[in-house]
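Trainee: Please show me the model, and I will ask about it piece by piece.

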Amino acid sequence: MSAQTTEAPAPPPAGAAPAPPGTRRPARPGLALAVIAGCNAMIQLDDPIVNIALPGLRAELGLSPVATSWIVTAYLLTFGGLLLLGGRAGDILGRRKVFLAGVGLFTAAALLRGAATSGEFLVAVRVAQGAGAALAAPSGLALVLSMFAPGPARKRAIAVCTATGAVSTAGGLLLAGALTSLGSWRWVLYLDVPLGLAILLLGPFVLRETAPNPGRFDLAGALVSALGAGALVYGLGQAAERPWGDPAVVGCLAAAVALFGVFAVIERRAEQPIVLPRLFTDRERLPAYLATLAIPGALIGTYFFLNQFLQGEHGWSALATACALLPLPVTMATTALAAVGLERRFGPKRLMAAGATLLVLGNLWLATLDSSAPYATGVLPALVLLGAGMAACVLPPTLIATSKLRDGEAGAASSVLNCLQSVGGSIGLATLVTVSARGGMQGGFLAGAGFAALALVAASLLRRRSH
């Protein structure tokens, strides 16, 4: 199938608002959205299943703790480092083409890792997976922006992607827990493969290609941004294991700052920059970026600490722990769908403020837990608060950060958003682990409440209505 379809676009339904230039509604919008949401689910599903598989693969392959950590680090470095390039590639080459290429690379790597016989092979496969995710994630969001005009349809599409990601986390927790208890870690690592194959089979038929935008790759900017993002993510990962004053941590973070400084100079001078400077000079967009950076830190400690709390303090199995954590993604999925109506009624500012407040309360609630706290009255209410808070916090900054874009800018804007989420998760985990080293799990959740409070500040700076 050619990259550019010659089929005439279907006429808009009666009463529909005209789509802005570059917006092409697919013939089967429901299936097209399902394919993109499935990719989002596949990428989000990958993290919990890899973490659950790590103990088994480490024992069978005889890996050291350092080698095991690189199975996670290799993916994060590649994903974070190539996101900006992935988004720009979709704008220049065509978003469907780059999206499917990313899904294909991700799926092939997921298939190979289940047959791994050495740690070195696993690390190489994880690098390939990170590259695939960096191509697919921003191009997927850019396709949503291209298919659905600003307004209720786009809001519903983003909410569906958010809900699907939450449901995939829930399913991943259950399946990975069950397979770990009943089978082999290799079974767990194959969970992404059927979903990836389904996307590759359906995608060419239900996704319409976007018109490529003539341009050149900013290779200097792509290289420096990849090195800078990689140094930042790696430095923050080291900070989760070592003191912040450790030479490895300080050296990586200093290198990241220097590289980003060079990157800013390159982008100001580039004829076609990989990151559009005007995205960071828009006063309405900056609070959305701040929120996107802060929100991951308000939730990332939940799975990290509660897994240890329930299995360590209460002696629960991996499967029982997975079931106990289900209320969080289930609440997030159901609330995400309701968030569209709430945003329309109250506006993004109030919706996000309410969500950030729930995140603060949920973290503070968990900070009061002790080893004798029962699940029903200690953990469960906090999970519901956190799930609802996350759903309310995701939609507003996404809408604002991807509004008022010109033709050919959706991929670049989407990659910036994904990059901020990735860096925010790394900052959050490094901070929470550092604080918990001194203040225990309670200190970690207090730090999570601090990130939620930062999101609340960002919410106060948002405009009252989104486009």
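Predicted model: local features only at pLDDT ≥ 70, side-chain atom pairs only at ≥ 80, totals over all residues.

Mentor: Residues are numbered from 1 along each chain as its sequence is written, and side-chain values use heavy atoms, with hydrogens and water left out.

Trainee: How many helices and strands does the protein chain have?

Mentor: Helices (H or I, at least four residues) and strands (E, at least two) are DSSP runs, numbered from the N terminus. From that end on, the elements run α-α-α-α-α-α-α-α-α-α-α-α-α-α. The count is 14 helices and 0 strands.

Trainee: What is the radius of gyration of the protein chain?

Mentor: The radius is taken over C-alpha atoms, and the globule rule is 2.2 Å times the number of residues to the power 0.38. For 467 residues the rule gives 23 Å, and the chain's value is close to that, so the chain is as compact as a globular protein of that length. The radius of gyration is 21 Å.

Trainee: How many disulfides does the structure hold?

Mentor: A disulfide is a pair of cysteine sulfur atoms within 2.5 Å. The sulfur of Cys 161 has its closest cysteine sulfur in Cys 39, at 9.3 Å, which is too far for a bond. For Cys 252 the nearest, that of Cys 419, is 16 Å away. The number of disulfides is 0.

Trainee: How far apart are the end C-alpha atoms of helix 7?

Mentor: The expected span of a helix is 1.5 Å times one less than its number of residues. Helix 7 covers residues 192-206, which is 15 residues, and should therefore span 21 Å. The distance between its end C-alpha atoms agrees, at 21 Å.

Trainee: What covers the buried residues of helix 7?

Mentor: Those buried residues are Asp 192, Val 193, Gly 196, Ile 199, Gly 203 and Val 206. Contact means heavy atoms within 4.5 Å. By that rule, the cover includes helix 1 (29-61), helix 3 (95-113) and helix 4 (119-147).

Trainee: Is Ser 403 buried or exposed?

Mentor: Ser 403 is found in the loop between helix 13 (375-401) and helix 14 (410-461). A polar atom of its side chain lies 2.9 Å from the backbone oxygen of Ile 400. The relative accessibility of Ser 403 is 6%, so this residue counts as buried.

Trainee: What is the relative accessible area of Gly 450?

Mentor: Gly 450 is found in helix 14. The residue counts as partly exposed because its relative accessible area is 41%.

Methods:
Buried < 20%, exposed > 50% of the residue type's maximum accessible area, 1.4 Å probe, protein only. Polar contact = N/O pair within 3.5 Å; in protein donor to acceptor, adjacent residues only side chain to side chain.
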